[in-house]
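I opened this model to look up a few packing details. My notes follow in the order I checked them.

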Amino acid sequence: MRRIIGAVLAMVGVLALAACAGLPVSGPVTAGRPVDETRTGPEVRFFPDGPQPGASREEIVDGFLRAGSGSSGDWETARLFLAPSIRTTWDPLAGVAVVPTGEIAAQPAVEDTVKVVLNPLASVDATGHYEPAAGGMVTLAYELVEISGEWRISKAPDGIVLDESVFGTVFHRYSVMYFDPSWTYLVPDERWFPTTSAAVRITGALVDEQPSDWLRGAVSTAFPDDVTFAWSSVPQSAGTAQVELSPEVLALQQLTIDRMATQLEASLATAGITEVQLTVDGAPVAATPVETRSTTVTGGPLVMTDAGFGFLTGNELTPIPGLSDAVVRSDPVAVQVGPDRDVAAVRSVDGSVSRAEATGGVVVFDTRSGLRDPVIDPGGFVWSIPAGSPAALTAFAPDVESPLLSQPWAAAGATDVQAISISRDGTRMAGVVRVGDRAEVWLSGVIRNGDGVPARLGEPIVAGLIDGEAVSMAWTDDVTVSVVVRDGSATEIVEQVVGGAPAGVAGPAGASITTVATATSSIRLRSDAGGLYVRRGANWLQTAEGITLLAVQQGTPQ
């Protein structure tokens, strides 16, 4: 039940009293508490109680809702609360409403109808997409009938309700992997699936379904439409999963099959599966996963001090040949360096945006007023946008200018863009935007033409809310955007997972943070007093001072 701007979905209203009715959503997004989120780990199963003899109508509905935690046997315990007429047609996977702990309670029955009023924190739709909490209360209505002296539910909405304390155990977050259009990077499409059927749901989503709406056109898949997932299970033996595909796969070129295997192996790895064997009619299909480029950032912080611009190790600064001199000459206040360290996006003291190159050249591309910190993608395109002009995102490269790429953001109601950040694979643009009196984290796919030139952003989705003003943001891994948020004198680091709940972390005590960047296994911060901080567990450790600029790195050279 993902919120797509322009076709806003949220949980509100009374659900129709029909066995086929799902959990509908509509209305504006409002802030909710983070939902416990588990990516992988040991599978834990709940075994809720079934209906008790002589239970009242309210107890039957309450027991049915609590039995949503028991996914074993396709929710066989929950189905025991249902009348035979709907026991096999009720669909628990139609959607999930995640609610605060202790707030699932049935109201007194009225004429054999029991209602339950909820205030959801989040929802997950039938394809596993997570959406932040939506405004308004939700009323679920259940009709009951007496069968052989016992009450059973005869009409119920599809989908389940889960307490936030158990949601992250019954469902885990998994990555369905696609390629970027150049077939260089793997791009995760985050989904939430029951742990009891994760391998099947991941495989089905990759082979038989499309990428998330907001990613379509921004990512590629090796799976053609006529190749299907042929089984309803994924047998596993000693960490190897057997994925049965339709015979059409045998007519494909070997490179396509290898790329299919790459996507499957990377996707199923998020469910703890280490190896994949493709089969047709039970016979193995030869496939070797292809090499892909990592987006991991390694090494020390990339900073500017009185000694120049380069990598800081202890008190020593190691410059990037050619590029460091060009960055220093540009008089920078913000820098983002490309993955091959041969080019950088720079915002200068005079407010202009330029492209610094390892050849020593500095090309000023953008002199519009009020420019935000620019970003750079793997193709070397520098992206910049002025404050107060949400449609005016422009990408620059030598002899190339692609203007007005973010018109979908303006059309969706944005009035200002406080910060932007592009994923290291170049397929996803994140931004903190103002919509009315709210600040929201938006995500859009990056649509390119056949030559890799940016053409436009896709329709945005809302990933989360920001309480304050965003002063810096960066992708800290493939699925997380970190935002420095100021609210008065307080500084908070909001880590927003794509397709998941945000987590807020207080900044270093007494420090006013200006910049966030990625560390090898954590994040780095720079304060306006020149302090450099890195997170160690729950604490911030100051590792240097006299830092005039902390650069964002978009990857590591191969």
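I count two strands as paired if DSSP finds at least two bridges between them. The model is predicted, and I read every entry below with that in mind.

**Entry 1: the strands around β19**

I started with β19 and strand β20 (residues 353-357). They pair in the antiparallel sense over 5 bridges.

Next I checked strand β18 (residues 332-337). It pairs with β19 in the antiparallel sense, over 5 bridges. Here Val 337 stands opposite Ala 344. The hairpin of β18 and β19 has 5 residues between the strands. Arg 341 in this hairpin takes a positive phi near 60°.

Is β19 mostly covered or mostly open? I found 5 of its 6 residues buried, so I use under 20% relative accessible area as the cut-off. The strand spans residues 343-348.

**Entry 2: the mixed sheet**

I then traced an open sheet of 4 strands. Its order is β5-β4-β2-β8, and the pairing is mixed. Which strands stand at the edges? They are β5 (130-132) and β8 (160-163). Each has a single partner strand, so one side of each is left without a neighbour in the sheet. Neighbouring strands are turned by 25° against each other on average, direction ignored.

I looked at one pairing in detail. Strand β2 (residues 95-99) runs parallel to β8, with 4 bridges. Val 99 stands opposite Asp 163 in β8.

**Entry 3: Leu 118**

Val 99 came up again when I listed the contacts of Leu 118. Leu 118 lies in strand β3 (residues 113-118). It is buried, with a relative accessible area of 2%. I left aside its neighbours within four places in sequence. The contacts are then Val 99, Glu 103, Met 137, Val 138, Leu 140 and Val 161. I also took one distance: the C-alpha atoms of Leu 118 and His 129 are separated by 20 Å. These two residues are 11 apart along the chain.

**Entry 4: aromatic pairs**

How many aromatic pairs does the structure hold? I noted 9. One of them is Phe 64 with Tyr 142, an edge-to-face pair. I read 5.9 Å centre to centre and 70° between the planes. Phe 64 lies in helix α1 (residues 57-66) and Tyr 142 in strand β6 (residues 138-147), so the pair ties together parts that are 78 residues apart in sequence. Phe 64 counts as buried at 3% relative accessibility. Tyr 142 counts as buried at 2%.

I also found one aromatic cluster. It is formed by Tyr 130, Phe 167, Phe 171 and Trp 192.

**Entry 5: α5 against α6**

Last, I looked up a helix pair. The axes of α5 (residues 198-208) and α6 (residues 254-269) come within 10 Å and cross at roughly 145°. The crossing is right-handed. Which residues make the contact? From α5 I listed Ala 199, Ile 202, Thr 203, Leu 206 and Val 207. From α6 I listed Gln 263, Leu 264, Ser 267 and Leu 268. By class, this contact has 6 nonpolar, 3 polar and no charged residues.

Note on methods
Residues are numbered from 1 along each chain as its sequence is written. This is a predicted model: local features need pLDDT of at least 70, side-chain atom pairs count only at pLDDT 80 or more; totals for chains, interfaces and linings use all residues. Side-chain values use heavy atoms; hydrogens and water are left out. Axes are lines fitted to C-alpha atoms, for helices over the stretch in contact, and angles run from 0 to 180 degrees between N-to-C directions. Helices (H or I, at least four residues) and strands (E, at least two) are DSSP runs, numbered from the N terminus. A crossing is left-handed if the near helix is turned anticlockwise from the far one by less than a right angle, and right-handed if clockwise. Contact means heavy atoms within 4.5 Å. Ala, Val, Leu, Ile, Met, Phe, Trp, Tyr, Cys and Pro count as nonpolar, Asp, Glu, Lys and Arg as charged, and the others, Gly among them, as polar. Buried means under 20% relative accessible area, exposed over 50%, partly exposed in between (1.4 Å probe, protein chains only). Rings of Phe, Tyr and Trp (its six-membered ring) pair if their centres lie within 6.5 Å; planes under 30 degrees apart count as stacked, over 60 as edge-to-face and the rest as tilted.
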